[in-house]
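Subject: Structure handover

Hello,

Here is the structure for your files. Please open it alongside this message.

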Amino acid sequence: MDWTAIGVAIRTEQERAPMEAVFANLQRAGLFAESAEILIVVDAAAHSGSAGSALNTLLVVVSPITLSHRRKSVHD
């Protein structure tokens, strides 16, 4: 399956670099296409919980994709 975007929720900004390295290695190994956009999203609140983190990450990933499709459909 080819993924367009992959969103990963992390708790703190300090986790960003290690997580980016993990996903870069997975991409190089061919698990994800080079064209897949990997977005590392820091939790919006300190104690947002897993559902809040997942929802926030989903919104961050989907927003640009939705806007892109909307622009294409308006201009087509």
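Below are the findings, grouped by residue. Please note that this is a predicted model.

Salt bridge

The count comes to 1 salt bridge. Arg 16 and Glu 13 form it through their side chains, at 2.5 Å from N to O. How exposed are the two partners? Arg 16 has a relative accessible area of 22%, so Arg 16 is partly exposed. Glu 13 is at 45% relative accessibility and therefore also counts as partly exposed. The cut-offs matter here: buried means under 20%, exposed means over 50%, and partly exposed lies in between.

Gln 27

Gln 27 sits in helix H1. Is Gln 27 buried or exposed? Its relative accessible area is 14%, so Gln 27 is buried. Which residues does Gln 27 touch, leaving aside neighbours within four places in sequence? The contacts are Phe 32, Ala 33, Glu 34, Ala 36 and Ile 38.

Ala 33

One of those contacts of Gln 27 is Ala 33. Ala 33 lies in the loop that runs between helix H1 (16-28) and strand E2 (37-42). With a relative accessible area of 28%, Ala 33 is partly exposed. Ala 33 also pairs up in space with Thr 4: the C-alpha atoms are 8.5 Å apart, while 29 residues separate the two in sequence.

Where to look

Start with the side chains of Arg 16 and Glu 13. Then go to Gln 27 in helix H1. From there, follow its contact to Ala 33.

Best regards

Technical notes
Residues are numbered from 1 along each chain as its sequence is written. This is a predicted model: local features need pLDDT of at least 70, side-chain atom pairs count only at pLDDT 80 or more; totals for chains, interfaces and linings use all residues. Side-chain values use heavy atoms; hydrogens and water are left out. Helices (H or I, at least four residues) and strands (E, at least two) are DSSP runs, numbered from the N terminus. Buried means under 20% relative accessible area, exposed over 50%, partly exposed in between (1.4 Å probe, protein chains only). A salt bridge is a side-chain nitrogen of Lys or Arg within 4 Å of a carboxyl oxygen of Asp or Glu. Contact means heavy atoms within 4.5 Å.
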